[in-house]
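I opened this one to see how its side chains pack and pair. My notes follow the order in which I looked things up.

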Amino acid sequence: MKAFKFIILALLFTSCGTTFVNYDYETSTDFTQYKTYDYFDDMQTGLSKFDSIRIISTINTKLSTMGLKRSDNPDFYIDIQSRELMNRNSPNVGVGVGGGRGGGFGGVSVGVPLNANKYTREITIDFVDKNQNERLFWQAVSESTYKGNASVEKREATLAKLVDKIFEGYPPKE
């Protein structure tokens, strides 16, 4: 019984707060040529005004630590897009009890939902080369759970972790 409780707890903790990031990029790109960046003027992030400011500030800080500089005459532009998704397929844990006598079998099974509907946010970050006909050369698509009513401090911390996770894949490691 202790093992069963441990498995349930492990499932609960591993299913919460996971961020998935998929990367794609143009394989012929020389990433060392990119030193400066800026954001598209007409960018519609899909985030609230404050969250847009937060994510841009966090990206600026991250890119600065990577040696990239924001510029009015950039090597590439950044586009940020976001959309809210609702995951209706909440995982369930089945618990079964069985028994029988004389070769007969009987049983009871109960599905226990682990959580209610979860909201996730998909954020796509595109890097577009300014000088090559606005060619997309790197993209990260992240999906993570979020709470729309989280405190300001929690939102900032969540976005900081998300940006760190996203930029683990830039530049791509061959």
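Predicted model: local features only at pLDDT ≥ 70, side-chain atom pairs only at ≥ 80, totals over all residues.

**Entry 1: charged pairs**

Asp51, Arg54, Arg155 and Glu156 join up in a network of salt bridges. The count for salt bridges comes to seven.

Arginine 155 is partly exposed at 21% relative accessible area, whereas aspartate 51 is buried at 11%.

Next I looked up arginine 54 and glutamate 156, whose side chains meet in a salt bridge at 4.0 Å, N to O. Arginine 54 is at 16% relative accessible area; the cut-off for buried is under 20%, so arginine 54 counts as buried. Glutamate 156 is partly exposed, at 42%.

Then I went to the strands. Glutamate 84 and arginine 121 form a salt bridge at 3.6 Å, N to O. Glutamate 84 belongs to strand β4 and arginine 121 to strand β7, 37 residues apart. I noted glutamate 84 as partly exposed, at 46%, and arginine 121 as buried, at 15%.

**Entry 2: a serine in β8**

Who touches arginine 121? Serine 142 does: its contacts beyond four places in sequence are Phe20, Val21, Arg121, Glu122, Ile123, Leu162 and Ile166. Serine 142 is in strand β8. I found serine 142 buried, with a relative accessible area of 1%.

**Entry 3: aromatic rings**

How many aromatic pairs are there? I got 17. Phenylalanine 127 and phenylalanine 167 have ring centres 6.0 Å apart and planes at 35°, so I logged them as tilted. Phenylalanine 127 is in strand β7 and phenylalanine 167 in the segment after α3, 40 residues apart. Phenylalanine 127 is buried at 0% relative accessibility, and phenylalanine 167 is buried at 3%.

Phenylalanine 167 pairs with tryptophan 138 too: centres 5.7 Å apart, planes at 20°, so this pair is stacked. Tryptophan 138 is in strand β8, 29 residues from phenylalanine 167. Tryptophan 138 is buried, at 0%.

The contacts are Tyr23, Asp24, Tyr25, Phe31, Ile125, Asp126, Phe127, Ile166, Phe167, Gly169, Tyr170 and Pro172.

**Entry 4: the nonpolar core**

Which residues touch the most other members of the largest nonpolar core? Ile59, Ile78, Ile80, Ile125, Trp138 and Phe167, out of 27 residues. I was pleased to meet Trp138 and Phe167 again here. The elements giving two or more residues to this core are β2, α2, β4, β7, β8 and α3. As background, nonpolar side chains in soluble globular proteins tend to be buried together.

Definitions and conventions. Residues numbered from 1 in each chain as written. Heavy atoms only, no water. Phe/Tyr/Trp six-rings, centres within 6.5 Å; stacked < 30°, edge-to-face > 60°. Helix = DSSP H or I, 4+ residues; strand = E, 2+ residues; numbered from the N terminus. Buried < 20%, exposed > 50% of the residue type's maximum accessible area, 1.4 Å probe, protein only. Contact = heavy atoms within 4.5 Å. Core = buried A, V, L, I, M, F, W, Y, C linked by side-chain atoms within 4.5 Å.
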